[in-house]
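Come along as I look things up one by one.

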Amino acid sequence: MLSVENVSKEYATRRGLRKVLDDINFTLQRGRNLGILGRNGAGKSTLIRLISGAERPTSGHIHRAMRVSWPLAFGGAFQPHLTGLDNLKFVCRVYGVDYQPLVPFVEEFTELGIYFREPVLHYSNGMLTRLAFALSMAIEFDCFLIDEAMVVGDVRFHERCHIELFHKRRDRAFILVTHEAHVIKMYCENAMVLHEGRLLSFPSVDAAYDFYQGTMSNPPEVAAA
């Protein structure tokens, strides 16, 4: 089980502390999934980073009783002067996994060709995304964290991601965060809405969808500078 308890996150700005997340609470059981809707800038990616352990909450606790992935397709932890292959070796060493059986899958999925053995600092954003997702699939997790960047963009890449994650690993738990409401309805059995720093729960995906659509028709006021 994954348990997020009274989690808040603040960042220092030139105008003082800004609270991005305010007293977030939810649990996720093994094999279940959750969609989290929110506007651009609502704090969705921040929440995903906290759950993954990439950042720490300002207050509250996150208990991981199952193996949780890093945000899928997130390449921020790559060592830029290492090759794609060496980054695979590094990640496998961190997770205690033998990298050798995984090389054929990563090479085939990324379609990087000779660049798989070149430093990733020379990669385009698309190449980095393919490598990051392939590494995410190469290391098996109980719960996958999916940021909206993975479910948009190149159609062919999206289809391959869909097969790997939602078909081959349909028995795993996942959290999908996005501002695209139709994506939540397509993939998720439960949904919540991140609104003004709070995570709101609803009895159904449709109820969350309706609330979110209402917030989109009433944009927040922007404070004067």
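**Entry 1: what I am looking at.** I remind myself that this is a predicted model. I went through the protein chain for its elements and found seven helices and nine strands. Next I looked up the radius of gyration: it is 18 Å, close to the 17 Å that the globule rule gives for 225 residues, so the chain is as compact as a globular protein of that length. I also noted the box that the C-alpha atoms fill, roughly 50 × 40 × 35 Å along the principal axes.

Entry 2: How many of the 225 residues count as buried? I found 44%.

**Entry 3: charges.** I looked up 25 positive and 25 negative side chains, and the centres of the two sets lie 4 Å apart.

**Entry 4: contacts along the sequence.** I took the contacts between residues at least 6 apart in sequence; 70% of them join residues at least 24 apart.

**Entry 5: the cores.** Which residues touch the most other members of the largest nonpolar core? In this set of 44 residues, they are Leu88, Val106, Phe116, Leu131, Leu135, Phe174 and Leu176. Helix α4 (residues 125–138) gives this core its largest share, eight residues. I then followed Leu88: leaving out residues up to four places away in sequence, Leu88 touches Tyr99, Leu102, Val103, Val106, Phe116 and Leu135. I also found a second, separate core of 26 residues, with Leu2, Val20, Leu34 and Ile62 among them.

Conventions. Residues are numbered from 1 along each chain as its sequence is written. This is a predicted model: local features need pLDDT of at least 70, side-chain atom pairs count only at pLDDT 80 or more; totals for chains, interfaces and linings use all residues. Side-chain values use heavy atoms; hydrogens and water are left out. Helices (H or I, at least four residues) and strands (E, at least two) are DSSP runs, numbered from the N terminus. The radius of gyration is taken over C-alpha atoms; the globule rule is 2.2 Å times the number of residues to the power 0.38. Buried means under 20% relative accessible area, exposed over 50%, partly exposed in between (1.4 Å probe, protein chains only). Contact means heavy atoms within 4.5 Å. Lys and Arg count as positive and Asp and Glu as negative; His and the chain ends are not counted. The place of a charge is taken as NZ of Lys, CZ of Arg, CG of Asp or CD of Glu. A nonpolar core is a set of buried Ala, Val, Leu, Ile, Met, Phe, Trp, Tyr and Cys residues joined through side-chain atoms within 4.5 Å.
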